[in-house]
Amino acid sequence: MMTIFNWNNDPRWAQVGELIVRNAVDLQPGEKVMIAMSETASYPLLEAVYRACVRAGGYPQVQFLSEHLQQILLEDGNDDQIGWVPRIEEYGMEWADAYIALRGAFPLSLHNNVPPDRMSLAQKAHGIISTKRWRETKWSLIRVPNQNLADEAGASLEQVADMFFNACLIDWPTSKQLWDSWATQLDGGHEVRIEGRNTNLTFSVQGRRWLAWADGRNMPDGEIATAPVTDTVNGTIWFENPGVFGGRLFHDLTLTWDHGTLIDATSSTNQDFLQMVLDTDSGATSIGEFGIGVNPAIDTFCNDILLDEKILGTVHIALGRAYPECGGTNESAIHWDIIKDIRQEGRLMVDGNTVVEGGKVLL
């Protein structure tokens, strides 16, 4: 018998809402919560999160954001307006004990007509907000599935929603135990090497820490990450799938470092914007994070970082800001994750031992 997917009343929204509030931000009675809802299709999860906050004794406030409104600013605003740091958002990071971002997907073609310099101005302003968020709040970022996300994935909305719910509602205690064991095995390693098509990249992680992310900072979660020693990064990495930043796609993205200095960065699309992103600040050209995707419920690329970086058997780098928890020191207004798919071709090695290959973690 065929079931009908009920978007607004799916009981899994309530399960995810409770998971975010109770686990991801560990909301305590009396704590203040800023909930930022992006795009109207995110409302079912907003309602679930809001209810969970109230039941936990929190004080939730809701903010509505939309890339469609951002497009109006990018089209009609002057440079001062575009580069202006949104003060209410900035204050929200200072006011809130916890910040929950329900980020609905938007058409990646939305900002295609915006000149790169205007996009860069906007990204710098939002980078300031992002930095305050991770420094001053308990936070969780959630990519809420909608039709735009399904279109990017080349799948139905029901398929993408099922993947999202399955990835969010895995057995977290068991998964965390497994992933923590993998991180422990990686701790103490020195040299990381990524091999693959048009790729041979090495760097040291000596003195750094590997951490398994299973606490819901991103939902769905599921990665093991560390921070490269900046001046040890050497070689080239090429990405099978486009890099995504600021709503732009960077096809055939190739990056080359020499002793930590980025010496070449090319893309067959949006090259001008790529250069502006790299010019954001002095830390934007360094790798702040290296990660391994480990969530077994995510297997389809959606051109969306929050999901794609969790795909089991993939690896990713993040240009810009490092996570101090991993021992990283690189600072930047950006943190741009770019995913390399080595499931079909390539491997990850640590101290000469193969760690990820063929879509599997070999630990």
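Start at the second largest pocket of this predicted model, where the lining residues divide into seven nonpolar, three polar and five charged. Select Trp 13, Ala 14, Pro 44, Glu 47 and Ala 48, which lie nearest the centre of this pocket among the 15 residues that line it; the space inside comes to about 260 Å³. Colouring by secondary structure then brings out helix H1 (12-24) and helix H2 (43-55), each of which supplies at least two residues of the lining, with H2 giving the largest share, seven residues.

Select Phe 203 and Phe 290, whose ring centres are 5.4 Å apart and whose planes stand at 65 degrees, so that the pair is edge-to-face, the class for angles over 60. Because Phe 203 belongs to strand E6 (residues 199-204) and Phe 290 to strand E15 (residues 287-293), the pair ties together parts that are 87 residues apart in sequence. Phe 203 counts as buried at 1% relative accessibility, and Phe 290 is buried as well, at 0%.

From there, move to Phe 245 and Trp 336, a tilted aromatic pair with 5.2 Å from centre to centre and 45 degrees between the planes. Phe 245 lies in strand E11 (residues 243-245) and Trp 336 in strand E17 (residues 335-340), so this pair joins parts 91 residues apart in sequence.

Finish with two charges over rings: the charged end of Lys 32 sits over the ring of Trp 95, 5.9 Å from its centre, while Arg 133 lies over the face of Trp 139, at 4.4 Å from the ring centre.

Terms used: Residues numbered from 1 in each chain as written. Predicted model: local features only at pLDDT ≥ 70, side-chain atom pairs only at ≥ 80, totals over all residues. Heavy atoms only, no water. 1 Å grid on protein atoms, 1.4 Å probe; cavity = no way out; pocket = protein on both sides within 12 Å on 5 of 7 lines; lining within 4 Å. Points joined across faces, edges and corners; volume = space filled by probe spheres on them. Helix = DSSP H or I, 4+ residues; strand = E, 2+ residues; numbered from the N terminus. Nonpolar A, V, L, I, M, F, W, Y, C, P; charged D, E, K, R; others polar. Phe/Tyr/Trp six-rings, centres within 6.5 Å; stacked < 30°, edge-to-face > 60°. Buried < 20%, exposed > 50% of the residue type's maximum accessible area, 1.4 Å probe, protein only. Lys NZ or Arg CZ within 6 Å of the ring centre and 35° of its normal.
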